[in-house]
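Here is a short briefing on one part of a protein model. Take a moment with the sequence and the fold, then read on.

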Amino acid sequence: MKIHEKYMGRCIELGKKALGSSAPNPMVGCVITCEDKIIGEGFTSRYGGPHAEVNAINSVSDKSLLNKATLYVTLEPCAHYGKTPPCADLIIKNNLQKVIIGIQDPNKKVSGSGIKKLKEAGCEVLTGVLEVECRKHHKRFLTFQEKQRPYIILKWAETRDGFIAPDKDKRRGNPEPYWISNSFARQRVHQWRSEEQAILVGTNTVLADNPRLDVRFWDGASPIRIIIDKTLKLPEDLNIHDKSCRTIILTQLQDETKFHPGIEYGIIDFEKNIAEEICSILFEKNVSSVLIEGGGETLATFINSGLWDEARIIEGDTTFGSGTKAPYIEGKLIATEIIGNNTIKRLLND
């Protein structure tokens, strides 16, 4: 393996440590080397904290080595003031002479200005190292910047005979949840929730299951809860109103007298393309990724609009015989995982 690719690969490994905490900032990884030895490493802190380059530079114990060191980073260093000062300025201040970059930042606030600033200061800059791998790593951030919508992951569990929920009559006889996935697969779902900035479900799912939409089976922060409630008919005593985490309800009603304290509301036009309306409002609210967990109507809305990036389908070994049919979806199979009596398939919208 070439030396630049070796250290950029390490940057990607480091960046993954920021999954679920840095959003909406990108999960950047950074490595500093001197004489073919790593002297500093860092990744993006929780949103509002230091960026990867700052953490990497701060981790170098002997700062005198920096003027002959090389800095590797998965994404172009920022050149603007946001919640933190520009990383490009810090690199220049510490007299780093060589910077190796995976991909250029498409954010219009950066978009080449970081590279320009470094070059003007006399830094040798090389871009495009492991570009394909870095783009894959930064898929959430790039989708948000380039397509102006969140990265969308669809998720559902379906029975061996192709249903995601039993008949309503069966539910009335036994209101307890009808689990399709096993306990280990459900834990995997909670891991997925911890990795994304938000989770979205429709009205019928909330009424049928009264979900908490949290990460109680995994270590991490619960995602922002996003609920579709066209006419604000969901009762106050449901778990989504418990104020345990940030919650956004999408509705067509603009009557603020029906709004609950501590809950955010977004107004969308249900006469238009609902998936596009949702993507637009989530972009405005700076939500860079969303896990859509149902129900069938909500999932179909995004599938039919072509507005999805990944699908994660848990196939159980139970049967319902009848009920709500699983969505039909076509995509590129990129991974299969066996968890006990469940199979998880991951599809990519190609």
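In what order do the nine strands of the open sheet run? The order is β11-β10-β9-β8-β12-β6-β13-β16-β15, with mixed pairing. This is a predicted model, in which local features need pLDDT of at least 70, side-chain atom pairs count only at pLDDT 80 or more, and totals for chains, interfaces and linings use all residues. Residues are numbered from 1 along each chain as its sequence is written, and side-chain values use heavy atoms, leaving out hydrogens and water.

**The sheet**
- At the edges sit β11 (264-267) and β15 (332-339), each pairing on one side only; strands pair if DSSP finds at least two bridges between them.
- Neighbouring strands are turned by 20° against each other on average, direction ignored.
- Strands β8 (residues 198-201) and β9 (residues 224-228) pair in the parallel sense over four bridges.
- Within β9, Ile-227 is the bridge partner of Val-201.

**Arg-193 and its helix**
- Helix α8 (residues 183-195) contains Arg-193; helices are DSSP runs of H or I with at least four residues, and strands are runs of E with at least two, numbered from the N terminus.
- Arg-193 counts as buried because its relative accessibility is 9%, where buried means under 20% relative accessible area (1.4 Å probe, protein chains only).
- The Arg-193 side chain reaches the backbone oxygen of Asp-214 at 2.9 Å.
- Not counting residues up to four places away in sequence, Arg-193 touches Ile-199, Leu-213, Asp-214, Val-215, Pro-223, Leu-291 and Glu-293; contact means heavy atoms within 4.5 Å.

Conventions. Buried < 20%, exposed > 50% of the residue type's maximum accessible area, 1.4 Å probe, protein only. Polar contact = N/O pair within 3.5 Å; in protein donor to acceptor, adjacent residues only side chain to side chain. Axes fitted to C-alpha atoms, helices over the stretch in contact; angles between N-to-C directions.
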